[in-house]
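Hi everyone, thanks for making time today. Let me put it on the screen.

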Amino acid sequence: MRVKHQAAMALLIATVISGCSSMGVEPWERDVLAKEEMQLVTDPVEAGIDDHIYFSKEASSGGRGFGGGGCGCN
Amino acid sequence: MAKKNSKTISVSLATATCSLLGTSVTTPVQAQEEPGWDFNTALLYYGESDDRVQDVSLNILGRRTYVDDRFLTLGLVLDSLTGATPGGALPFSSPQTFTSPSGLAVYTTPADVFPLDDTFLDTRFALSASWQQPLSRLFTMNAGLTASKEYDYLHLGANFKLARDFNKRNTTVSLGLAFANDELDPEGGAPVPLSAMLDVGDLSNKTGDQSKDIVDVVLGVTNVASRNLLFQLNYSFSNASGYLNDPFKFLSVVDGTSGDPIARIPAPGAVGPLYEYRFENRPDERTKHSVFGQTKYYMDGKVLDLSYRYMTDDWEIDSHTIDARYRWPVGDSSYLEPHLRYYTQNAAEFYRISLVNGAPPVSFASSDYRLGDFDAITVGMKYGWKTRSGNEMSARLEYYMQDGDAPSDQIIGNQASRELYPGLDAIIAQFSYRFGK
Amino acid sequence: MAPHSTSRQGGATYLCTVFLLGLLAAVGSNSADLPLDLTEYRGKVVVVDFWASWCVPCRRSFPWLNQMQEKYGEQGLIIVGVNMDATAAEAQSFLSDFPADFRIVSDPKGDLARKFDVIAMPSSYVIDRNGEIAAKHLGFKVKKQQEYEQIIKETLLSRED
């Protein structure tokens with residue numbers, strides 16, 4: 001059953017990637033995405049604190065990824 | 001004075017640092033690219049009501065930027081924990097006496113309240129270091145180490161992440177791996193699982209130190225949908241193996257009809273528990289799968305951050321988390337950010353509120369409320385502002401509440417008239433200061 | 001002179017550059033509706049640098065571009081910074097911290113960037129004396145400054161046909 005979950009997930013991600021080729025912006029249109037408040041994790045310390053609190057008090061943890069968004073420079 | 005409940009926090013800690021695979025030390029590349037240091041510091045107070053857990057911590061993240069998009073990030077957390085936490089026994093109409101985890105003393109809790117163990121205080125010290133750099137124009141890597149130490153707990157971890165951009169950097173695919181080894185050496189030794197709580201001085205049910213290994217994998221896709229909209233989708237896999245018990249948690253042994261605890265008489269001349277308790281036991285392996293989605297949407301200066309996570313594991317716990325934040329600029333240099341989070345989970349397959357005397361033995365049982373059936377809500381507000389020198393400060397205040405139920409098929413006799421799930425009420429207060437360049 | 005690029009990816013880059021030449025020809029001939037008319041610089045070597053106020057590597061590239069303009073201006077180097085900000089105010093704010101000693105034009109709608117097929121920010125195109133693209137670099141890396149300068153020098157040495 002787990003293998004089915006994983007295969008479905010991989011398929012979903014592949015679909016998202018291929019579907020995403022029709023979305024997006026030009027490299028020079030990333031002014032809003034470059035703003036600090038538009039990053040996926042705006043405050044890494046706060047995110048770490050929350051992760052720690054909720055991990056201590058609940059049975060789930062993590063899930064977040066990283067990378068992407070931002071100014072896309074260099 | 002036993003430092004037992006440090007385990008409660010350290011278990012969480014260790015895996016929290018593992019869960020750091022996904023957050024914290026990975027740098028949004030353009031935020032500070034001038035060579036130099038920048039710092040992100042925070043002071044946190046976490047306090048539960050009714051004299052339960054209180055935590056004060058200092059968190060510091062220092063990042064050194066090197067030319068051409070390379071970063072060294074160093075993190076430090078200092079944490080001081082006090083207060084009481086439920087030991088796992090059910091309330092009863094008489095006071096209850098328990099042997100402390102060290103096996104050297106007893107403590108007594110009043111009648112008709114959830115028995116709490118307040119015999120602990122602990123200090124934690126955690127360090128992290130990570131290095132990030134491009135491997136080529138479209139590839140970025142990040143490698144890190146984590147370590148944390150408490151009186152009876154040591155965590156060591158390593159993580160590695162790789163990200164590749166596609167489609168003019170509109171799409172980023174990332175893969176992360178983390179490994180950790182945690183060692184627990186509780187004062188008095190870890191108890192033999194499902195063994196009885198014994199009199200003071202009787203350490204015959206204690207074994208030595210214990211350890212566990214954790215592997216985490218995260219696969220993610222981040223996508224720019226439009227100039228104002230970004231989203232991320234991740235799949236995570238986590239496997240923990242080894243000693244997964246909480247050595248300080250136990251269950252009440254109750255009569256199969258009345259639901260009342262079974263009385264016990266300490267040995268002549270000894271002090272000890274007046275009722276029967278058994279230490280908990282969890283499986284020695286746990287596999288979790290999570291799917292996480294997040295979106296950030298910019299609307300004319302305001303930013304909405306919405307995320308959802310689904311987790312399922314082989315302990316039969318399923319959980320859903322919805323988190324929403326709305327950042328609202330106030331004037332030129334400050335903002336307000338209300339926050340709402342809703343969490344729900346169902347109990348682990350081996351979650352038991354008590355053990356029935358004389359029933360067939362179980363392999364696994366735990367009454368740890370964190371493995372139970374509950375909903376939790378966080379409501380908070382954050383206010384942030386830029387100082388005259390261009391640095392950032394913020395303050396947030398949140399209220400976190402958990403409310404759960406004992407599975408109805410486990411309630412026996414008189415238990416129906418007692419509180420069966422401890423619940424939780426806490427204040428989170430944090431002050432942050434970010435400076436540098 | 002064979003076109004080359006900093007990335008030195010051989011065939012693919014050659015084809016890409018040939019494609020860009022075609023585009024550049026289009027740019028040159030439709031100059032009326034674009035912020036930059038490269039035909040006025042025929043005979044000079046032009047570095048067209050696409051930048052924006054929110055692009056942090058651009059902060060490092062500006063002092064270097066100023067240096068190049070000063071050092072090679074007499075030999076016929078013209079640097080043109082093409083600003084991609086939506087508003088002039090944003091560009092001005094950047095320029096007051098990182099002044100430019102070279103010409104700045106605005107391309108807020110991205111017409112010029114599209115003609116050049118810009119795929120990264122910042123991007124620089126070195127155009128030789130014949131109006132052909134001699135090289136391009138994607139992003140700005142401090143470690144590659146020598147390499148970028150070398151390409152400018154070589155392009156300056158080539159003659160107009």
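Predicted model: local features only at pLDDT ≥ 70, side-chain atom pairs only at ≥ 80, totals over all residues.

The largest nonpolar core has 53 residues, and the ones touching the most other members are Cys55(C), Val126(C) and Ile127(C). Strand β1 of chain C, residues 45-51, supplies the largest share of this core, with six residues. As general background, nonpolar side chains in soluble globular proteins tend to be buried together.

So what does Cys55(C) contact, once we leave aside its neighbours within four places in sequence? On its own chain there are Met121(C) and Pro122(C), and over on chain A there are Cys71(A) and Cys73(A).

Now, a step back to chain C as a whole. It has five helices and five strands. Reading from the N terminus, the order is α-β-α-β-α-β-α-β-β-α. Chain C has 161 residues, and 39% of them are buried. If you take the contacts in chain C between residues at least 6 apart in sequence, 70% of them join residues at least 24 apart.

Let me zoom in on one residue, Leu138(C), which lies in strand β5, residues 133-138 of chain C. Is Leu138(C) buried or partly exposed? It counts as partly exposed, because it has 19 C-beta neighbours inside 10 Å, and a buried residue needs 20 or more. Not counting residues up to four places away in sequence, Leu138(C) touches Ile119(C), Ala120(C) and Ser123(C), plus Arg137(B) from another chain. For a sense of distance, Phe94(C) is 44 residues from Leu138(C) along the chain, and their C-alpha atoms are separated by 21 Å.

That brings us to the interfaces. Where chain A meets chain B, 52 residues of chain A are in contact with 78 residues of chain B. On the chain A side, the elements giving two or more residues are α1 (2-20) and α2 (44-57). Of these, α2(A) gives the most, with twelve residues. By type, that side of chain A divides into 24 nonpolar, 18 polar and ten charged residues.

Chain A also touches chain C, through nine residues of chain A and 18 residues of chain C. The chain A side there splits into five nonpolar, two polar and two charged residues.

That's my tour, and I'm happy to take questions!

Definitions and conventions
Residues numbered from 1 in each chain as written. Chains lettered and ligands numbered in written order. Helix = DSSP H or I, 4+ residues; strand = E, 2+ residues; numbered from the N terminus. Buried ≥ 20, exposed ≤ 12 C-beta atoms within 10 Å, placed from the backbone. Contact = placed C-beta atoms within 7 Å. Core = buried A, V, L, I, M, F, W, Y, C linked by C-beta atoms within 7 Å. Nonpolar A, V, L, I, M, F, W, Y, C, P; charged D, E, K, R; others polar.
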